[in-house]
Amino acid sequence: MKTMTCKQLGGACDQEFRAYTFEEIAELSKNHGMEMFPKKGRGTSKSYGRNTKINAIARRNEKMV
């Protein structure tokens, strides 16, 4: 089981995501970001940075396999 936080993925909070694969963590993180975005009223630059970081981590993990 893997655990990562919202902050580790470029987000703003300490929400933990637990899953067996990075792809599952990325999906949980994405859903969390979409849920939190309307509550915080932040601009798209933060979410863009978050998605860019998630994609970079996913590419790195693919190379490790």
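**A colleague's notes on this fold**

1. The term "exposed" here means over 50% relative accessible area, "buried" means under 20%, and "partly exposed" is anything in between (1.4 Å probe, protein chains only). Arg18 pairs with Glu16 in a salt bridge, and their closest N and O atoms are 2.5 Å apart. A salt bridge is counted when a side-chain nitrogen of Lys or Arg lies within 4 Å of a carboxyl oxygen of Asp or Glu. Glu16 itself is partly exposed, at 40%.

2. A word on what you're looking at: this is a predicted model, in which local features need pLDDT of at least 70 and side-chain atom pairs count only at pLDDT 80 or more, while totals for chains, interfaces and linings use all residues. Residues are numbered from 1 along each chain as its sequence is written, and side-chain values use heavy atoms, with hydrogens and water left out.

3. How confident is the predictor? The score is pLDDT, given for each residue from 0 to 100. The protein chain has a mean pLDDT of 78, and 69% of its residues reach 70 or more. Confidence is highest in strand 2, at 95, and lowest in helix 2, with a mean of 63. Keep that in mind when you read about helix 2 below.

4. Now the layout. The protein chain has two helices and two strands, and from the N terminus on they run β-β-α-α. These elements are DSSP runs numbered from the N terminus: helices are H or I with at least four residues, and strands are E with at least two. Among contacts with a separation of 6 or more, 34% are between residues 24 or more positions apart; contact means heavy atoms within 4.5 Å.

5. Which residues make up the largest nonpolar core? There are eleven of them: Met4, Cys6, Leu9, Phe17, Ala19, Phe22, Ile25, Ala26, Ile54, Ile57 and Ala58. Strand 2 (16–19), helix 1 and helix 2 (44–64) each supply at least two residues of this core. For the record, a nonpolar core is a set of buried Ala, Val, Leu, Ile, Met, Phe, Trp, Tyr and Cys residues joined through side-chain atoms within 4.5 Å. Across the protein chain, 26% of the 65 residues count as buried.

6. What about the cysteines? The structure has zero disulfides, a disulfide being a pair of cysteine sulfur atoms within 2.5 Å. The sulfur of Cys6 is 3.7 Å from the closest cysteine sulfur, that of Cys13, which is too far for a bond. Cys13 is in no disulfide either. Cys6 is buried, with a relative accessible area of 2%, whereas Cys13 is partly exposed at 26%.

7. Back to charges. Side chains of opposite charge can pair when their charged atoms come close. How many salt bridges does the rule give? The count is three. Besides the Glu16 and Arg18 pair, Lys7 meets Asp14 at 3.6 Å, N to O. Lys7 is partly exposed at 45%, and Asp14 is exposed at 54%.

8. The Lys30 and Glu27 salt bridge has its closest N and O atoms 3.7 Å apart. These two residues sit three apart in helix 1 (residues 22–40), so they are separated by about one helical turn. Lys30 has a relative accessible area of 40% and Glu27 has 39%, so both count as partly exposed.

9. Look next at the start of the chain. Met1 lies in the segment before strand 1 (2–5) and is exposed, at 60%. Apart from neighbours within four places in sequence, Met1 is in contact with Arg18, Ala19 and Tyr20. The C-alpha atoms of Met1 and Ala19 are separated by 5.5 Å, although the two residues are 18 apart along the chain.

10. Is Thr5 buried or exposed? Thr5, which is in strand 1, counts as buried at 18% relative accessibility. Leaving aside neighbours within four places in sequence, its contacts are Asp14, Gln15, Glu16 and Phe17.

11. Last, the surface. The protein chain exposes about 4800 Å², and carbon and sulfur atoms supply 53% of that. These areas come from the Shrake-Rupley method with a 1.4 Å probe; for residues, only the protein chains shown count as cover.

Definitions and conventions. pLDDT = per-residue confidence, 0-100.
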